[in-house]
Amino acid sequence: MLPIMQTRHLGSLTVSAMGLGCMGMSEFYGPGDEAASIATIHRALELGCNFLDSADMYGPFTNEVLVGKAVAGRRDEVVLATKFGNERRPDGSWIGINGRPEYVRAACDASLARLGTDYIDLYYQHRVDTTVPIEDTVGAMAELVQAGKVRHLGLSEAGAQTVRRAQAIHPISALQTEYSLFTRDVEAEILPTVRELGIGFVAYSPLGRGILTGSIKHAADLSESDSRAARFPRFAADNLAKNAALVGNVEQLAATKGCTPGQLALAWVLARGDDVVPIPGTKRRTYLEENLGALDVQLTAADIAWLDENIGRAAGDRYADMRTVNR
C-alpha cells in the first residue's frame, strides 16, 4: 500500500512532499517513451504527487510539450515548475547562460505556449548569468508575477550571496540545487541562508542520477543512448567503482529497514527538514511508486548518524564543467 501524500511549503507555495523530475522523459537518460511518460505523470497525480519539474532546455523544448499534454484538462491538480536560462538551439546545441531581461520575458512566453497554460506556478532561473546583475534578471521575473504569467519565483544553483541579492528584489520561494546522501555541498552555507530567508529548498538528483539506487555499478549498466557516462564525471569508470562501493553501505542499512537503497536515500533527503522537497526523476510508473514509498521509511537519529559516518562525498565532480553552478 502506497503512503498518503503529505505537503510541504516552499516559501508561500504548497507542494507535495515529493515531486517528480520530468527531464529524463525527454533527454539524457536513454530513449524516451511519450506514452509511458504521460502515464507516469498521470499516476503521480493520482497518488497526490502534484509537483512537476521541467525546463525549456530539456529536449530541448520537447519536455515542456510532453508535460503540457499530460496535464491538459487537469491544470488545477498540478503545481507546475519550469526553468529558463540554459539557452539551447532546436538542434540541441548549447548557446550559453542567458539572464537578460528581454530573454526572460521571451522565454516565459515560449514556455507558457509549450505547456499549454496561462500561468506557471514556480518559474526558476536555471543557472545564474554572471554577465547580468541578478537584480536585473529577478526584476524581469517579478514583472512576470505582476503580469499574472508566473505565481512564484525560484533560482537554481545560485550561491548564498546571489540568493540574498535576489530576495531583496522579490520574494524567492525556492532554491533548486543538487542534494543527496553523497552530494552535500549546500549544507555549509546555502541551506542555512535559504532557511534564514524563509526560502524552500528543492533537491534535484536526490538519487545521485541513479547511482544511489544500486542499479548502476558499471558503465555497461547504461544503454548506448544514455549520456550520463559522457556528461557526468561520477560515471567515469574509476569514479563509478568508488561510488558503487559507497552505495554498498546504503544497501546494508536499507536491508535492515526493509526498503530499497533508493528509498533509503530519499528518506534521508526527506529527513533533512520540512522545507526540503526532493524531486527524483523517472519515466516509469514502477519507479515512481517505489520512490514514493520512501515517504513511509522512518530513519532514527542513530540511522542518520550511521549514514553520516559511512557515506562520504561522491568521487568525481557533479558536472564536467562546474563553472555554471554555485555562483
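**Exercise 1.** Which residue of strand 5 does D53 stand opposite?

*Solution.* The model is predicted: local features need pLDDT of at least 70, side-chain atom pairs count only at pLDDT 80 or more, and totals for chains, interfaces and linings use all residues. Residues are numbered from 1 along each chain as its sequence is written, and side-chain values use heavy atoms, without hydrogens and water. Strands are DSSP runs of E, at least two residues; helices are runs of H or I, at least four; both are numbered from the N terminus. D53 stands opposite A81 in strand 5. Strand 4 and strand 5 (residues 79-84) pair in the parallel sense over 3 bridges. Pairing requires at least two DSSP bridges.

**Exercise 2.** Find the buried side of helix 1 and its packing partners.

*Solution.* Start with burial: under 20% relative accessible area is buried, over 50% exposed, in between partly exposed (1.4 Å probe, protein chains only). S37, I38, T40, I41, A44 and L45 are buried. They lie on the same side of helix 1 because they cover an arc of only 155° around the axis, taken from the directions from the axis to the C-beta atoms. On the other side, A35 and E46 are exposed. Next, contacts (heavy atoms within 4.5 Å): the buried residues pack against strand 3 (20-21), strand 4 (51-53), helix 2 (62-71) and helix 10 (285-292).
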